[in-house]
Amino acid sequence: MKKFVREICYFIIFILIFQGLNLLLIQKDMFNVKVFSKNFFNPNEFYDLEKDSLDVLFIGCSQVGASINPLQLYNEYGFTSYILNGPSSSLEKSYYFLKEAIKTQSPKVVVYEVASLFYEDYIEKELEMVVLTRMNNSYDKYLVSQEVFDGDENIEYKTFSTFVPLVQFHERWKNITSNDFTAYSELENTYLKGYLSAYRTDKEHVNDFMENVEKQVITDNYIYYLDNMKNLCEENGIEFVLMKAPTSKIWNYGWYEATNEYAMNNDLKYLDFNTFYNDIGIDDETCFHDYGHLNPIGSKIMTTYYGKYLIENFQLPDKRNNEEYSSWEKDYERFALEDQRYQLGMELIKITDLEEYEIFLEQENYEVCIVDKKSEITQYEIDNKEFVIGLKDHKPTIMIGEEVFEFKRSQTGYVIYDKVLKQVVDQVVIDIDDKTKIIHIDTGYFYQDKSASKS
């Protein structure tokens, strides 16, 4: 009997260690953009939603995630929504995401963002795998893995890897950082309901994507999955709707015509914002963060417009005074505060005059770290992060947690930490040739406006 109990204990310990290694070694960040990666099909958030608590479900690639803000929809119109999205998400995966969602949710409307209808040749399988590992284990997960990796000579290996990430990512042990230990606590702290907020303004793209291209053809394979999504919605009493979010360069009029034909033939509602987004106030100069995605300035306009469209065309409830959904109100308040701080950050990185910059930083909740070749070592702690300012290997250096910001001996460097966002939002040096000016340096997480001066 003792031997049996001991073997059971060993087995439990083995399972715990095995699962721990799976969680440790799985790839955490896609594109090294933290805010994007943690909101691509975040299981901690989606699977923890109250059963049958969603009114609208958005499905598609990152373009819908960057265009629609469910918390804003709740604040303005009162209905609840969520975005299931992934990078360059294939239609096969979107179909199985829908199947996965209706196991626990009964939305009144499903909105499919159609960008991926014509991206079949551009799907990045490795990114697909990262997202699939986040699905609960089930037969549907096996089926979608088989579909996504169809034609791959390692299909069984890759399918197995979605269930046991340790197989695919076992070599990542060489690159483990503290982020691998903290990423899951960060995931648990996400609350944006799939919204992808990237604070940057890109003015360099050219709005030529709706050029006159002959009508394209949706492949038979994708027609099959579109039909399956439509039929699955009909079987469950759900309205199935098509939508194309505003983009640049990666959409054209031929694709619009093909999608519109499918919608008309199947009596589906379809809005393509690329045919009129300028008319509703989405501006090419200020509203995009790259050629394929809106930034928060654009998404606010898009969300208000599309939310109004949804309540005018479907019977959606207003839950704003329902105590059961008070957490949505709290999440919106948190978003509004953080959004305000990000907007301040976007203004901050445009300033090039040193005096103006220092006046701006007198606002609350900025920790301003300054270092030069004469700085002595200073240490303190904020938000459980150690701040160390001074010379390291004879270089002016600022360390915040594990982040290290080094400067040349001739430079005076500033690192700006936002105590609300709990992150660095800017890094600058004083211009050696004109000491009344500053030069912004890319900080990685917080996007530098491409139009900002880098003199």
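Glutamate 234 is exposed in this predicted model, with a relative accessible area of 53%. Its side chain meets that of lysine 230 in a salt bridge, 3.8 Å from N to O. Both residues sit in helix 12 (residues 220-235), 4 residues apart, so about one helical turn separates them. Lysine 230 is buried, at 10% relative accessible area.

Another salt bridge joins two helices. Aspartate 339 pairs with lysine 300, the closest N and O atoms lying 2.8 Å apart. Aspartate 339 belongs to helix 15 (residues 326-348) and lysine 300 to helix 14 (residues 296-313), so the pair ties together parts 39 residues apart in sequence. Aspartate 339 counts as buried because its relative accessibility is 6%. Lysine 300 is partly exposed, at 33%. Elsewhere, salt bridges with shared partners link Lys99, Glu100, Lys103 and Asp140 into one network.

The structure holds 16 salt bridges. One of them pairs aspartate 55 with lysine 108, with 3.6 Å between the closest N and O atoms. This pair connects distant parts of the chain, 53 residues apart. Aspartate 55 is in the loop between helix 3 (43-46) and strand 1 (56-61). Lysine 108 is in the loop between helix 6 (91-101) and strand 3 (109-113). Aspartate 55 is buried at 1% relative accessibility, while lysine 108 is partly exposed at 37%.

Now the surface. Lys373, Lys374, Arg409 and Lys435 gather there in a patch of positive charge. Lysine 435 lies in the loop between strand 14 (423-430) and strand 15 (438-441). Its relative accessibility is 56%, so lysine 435 counts as exposed.

Finally, the whole protein. It has 16 helices and 15 strands. Of its 455 residues, 53% count as buried.

Terms used: Residues are numbered from 1 along each chain as its sequence is written. This is a predicted model: local features need pLDDT of at least 70, side-chain atom pairs count only at pLDDT 80 or more; totals for chains, interfaces and linings use all residues. Side-chain values use heavy atoms; hydrogens and water are left out. Buried means under 20% relative accessible area, exposed over 50%, partly exposed in between (1.4 Å probe, protein chains only). Patches are made of residues with over 30% relative accessible area and no salt bridge: like charges are joined within 9 Å, nonpolar side chains (Val, Leu, Ile, Met, Phe, Trp, Tyr) within 5 Å. Accessible areas come from the Shrake-Rupley method with a 1.4 Å probe; for residues, only the protein chains shown count as cover. A salt bridge is a side-chain nitrogen of Lys or Arg within 4 Å of a carboxyl oxygen of Asp or Glu. Lys and Arg count as positive and Asp and Glu as negative; His and the chain ends are not counted. The place of a charge is taken as NZ of Lys, CZ of Arg, CG of Asp or CD of Glu.
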